[in-house]
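Reader: I would like to learn how to read the features of a protein model. Please take me through one.

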Amino acid sequence: MAMELMKMPQLGESVTEGTISKWLVKPGDHVTKYDPLAEVMTDKVNAEVPSSFTGIIKELKADENQTLAVGEVICSIEVETAKTDNENAGQVSHNEEKVDAPVIRDVQQAAEPRKARYSPAVLKLSQEHGIDLSKVKGTGNEGRITRKDLLKLVESGNLPKADEPSAISDAALEEIAPQVNRQTSPVTNVPTAAGDKEIPVTGIRKAIASNMLKSKHEIPHAWTMVEVDASNMVKLRDNLKSDFKQKEGYNLTYFAFFVKAVAQALTEFPELNSMWAGEKIIQKKEINISIAVATEDALFVPVIKNADEKSIKGIAREIQELASKVKSGKLKAEDMQGGTFTVNNTGSFGSVQSMGIINYPQAAILQVETIVKRPVVINDMIAVRDMVNLCLSLDHRVLDGLVCGRFLARVKEIIEKISKDNTPIY
């Protein structure tokens, strides 16, 4: 027999950890290859982790609601050692010792000192802040250093450097560890009174909180806004919506027009279609628009791939399909991957001005606010127009105000020039 280790998979681009929301097996269960082992929640997707092997579950390495880094072991499976073709053709071996000797992958000779291994996120953070990882005691599985450990050290300002003695004692780490894991541990210092209601934090809410904290910790946010006259767009859409719905079977929404305008502007200002990568900035070739879709207790960010190549009709169809997948629980990991810029329809719940948190590791997010009728001055005359605010949050490491201002001005121009004659829907 042989022992195989199942590890936390990477369930999306830039995903560095996942939370075991529910185990679907227990020790002693027999599983076949591709059987689901656990439900895992990340900041991008909720998915089942399939088994890579056929065998018997020996040990679960994590509890439900525990967060593990990508690559950490989640369980071990005892499998029957596969025979080679030559062995199958010849006599069956009776060497009990050889057949039953356990073989554990990814573990080198036990007598050798174990080498420290760090996730890409941990290495990136340590390089950015000059942290000597050899002087940090991790709180993860088997003492592994997690991103949360480093974020807590950065927040405290007590960073162990290579040229100074370690300032992190065991006693200090015992005090820090509960705070480092505050996103997965219950808060105990909040006073409660009679009538207060305690609501357990779900796995997906923890994942959302983790991603938001990461974005705010690592990305220096800046913010800007423009006011757009959307009257022509509103008029065109309202004239087309009934025939469109009858012909296509889904709605022609205002949001589809905004996504199309953003995609077009990104082709002209590709700087906003970029990501920070430490020593370099990666300007993405594909324009893949992430859109936020909310449920009662969670927020998902599926992606419209190659949005610049799609018509307004095509974008409207994808918005409808992705929203339906979210609400029916059928959204897949690949639906969440590859986003390069996010457009958030905050106007759907009446917001008129907001500052979005950037969808890590992207460089910007655009909030499309609600369209409201307001009096405006046109040619020294007061007129009632359909006005909307577009609010842009940007990563100031990647982007400056000048290029972002020009980008927003271009989106504004596209929206304001929409008409039946120059805006094809198909």
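Predicted model: local features only at pLDDT ≥ 70, side-chain atom pairs only at ≥ 80, totals over all residues.

Reader: What percentage of the residues in the protein chain is buried?

Author: Of the 426 residues in the protein chain, 43% are buried. The chain has 10 helices and 19 strands. Take the contacts between residues at least 6 apart in sequence: 66% of them join residues at least 24 apart.

Reader: Which residues have the most contacts inside the largest nonpolar core?

Author: The general idea comes first. In soluble globular proteins, nonpolar side chains tend to be buried together. Here the largest nonpolar core has 61 residues. Leu-272, Ile-289, Phe-341, Leu-392 and Phe-407 have the most contacts inside it. Helix H8, residues 254-268, gives the most to this core, with 10 residues. Another core lies apart from it and has 21 residues, including Trp-23, Phe-53, Ile-74 and Val-79.

Reader: Which residues is Leu-392 in contact with, leaving aside its neighbours within four places in sequence?

Author: Among them are Leu-272, Phe-341 and Phe-407. The list also includes Ala-222, Trp-223, Ala-364, Ile-365 and Cys-404.

Reader: Now the surface. Which residues make the nonpolar surface patch of about 270 Å²?

Author: Trp-223, Met-225 and Met-355 make that patch. Met-355 sits in the loop between strand E16 (341-344) and strand E17 (364-368). With a relative accessible area of 48%, Met-355 is partly exposed.

Reader: Next, aromatic rings. How many aromatic pairs are there?

Author: A pair of aromatic rings is described by the distance of the centres and the angle of the planes. The count here is 3 aromatic pairs. In one of them, the ring centres of Phe-244 and Tyr-250 are 5.4 Å apart and the planes are at 80°, so this pair is edge-to-face. Phe-244 and Tyr-250 are both buried. For Phe-244, the relative accessibility is 3%.

Reader: Why is the pair of Phe-244 and Tyr-426 tilted?

Author: The angle decides. The planes of Phe-244 and Tyr-426 are at 35°, so the pair is tilted, with centres 6.1 Å apart. This pair links distant parts of the chain, 182 residues apart. Phe-244 is in helix H7 (residues 231-248), while Tyr-426 is in the segment after helix H10 (401-416). Phe-244, Tyr-250 and Tyr-426 form one aromatic cluster.

Reader: On to charges. How many salt bridges are there?

Author: Side chains of opposite charge can pair when their charged atoms come close. The count in this model is 16 salt bridges. One of them joins Glu-59 and Lys-61, at 3.0 Å from N to O. Glu-59 is partly exposed at 39% relative accessibility, and Lys-61 is partly exposed at 32%.

Reader: Is Glu-318 buried or exposed?

Author: Glu-318 counts as buried, at 16% relative accessibility. Glu-318 forms a salt bridge with Lys-310, and their closest N and O atoms are 3.3 Å apart.

Reader: Where do Asp-335 and Lys-325 lie?

Author: Their side chains meet in a salt bridge of 3.4 Å, N to O. Asp-335 is in the loop between helix H9 (312-328) and E16, and Lys-325 is in helix H9, so the pair ties together parts that are 10 residues apart in sequence. Asp-335 is buried, with a relative accessible area of 12%, whereas Lys-325 is partly exposed, at 31%.

Reader: Which residues are linked in a network of salt bridges?

Author: Glu-268, Arg-410, Glu-413 and Lys-417 are linked in such a network.

Definitions and conventions: Residues numbered from 1 in each chain as written. Heavy atoms only, no water. Core = buried A, V, L, I, M, F, W, Y, C linked by side-chain atoms within 4.5 Å. Buried < 20%, exposed > 50% of the residue type's maximum accessible area, 1.4 Å probe, protein only. Helix = DSSP H or I, 4+ residues; strand = E, 2+ residues; numbered from the N terminus. Contact = heavy atoms within 4.5 Å. Patch = residues over 30% accessible without salt bridge, like charges linked within 9 Å, V, L, I, M, F, W, Y side chains within 5 Å. Areas by Shrake-Rupley, 256 points an atom, 1.4 Å probe, with all protein chains shown as cover. Salt bridge = Lys/Arg side-chain N within 4 Å of Asp/Glu carboxyl O. Phe/Tyr/Trp six-rings, centres within 6.5 Å; stacked < 30°, edge-to-face > 60°.
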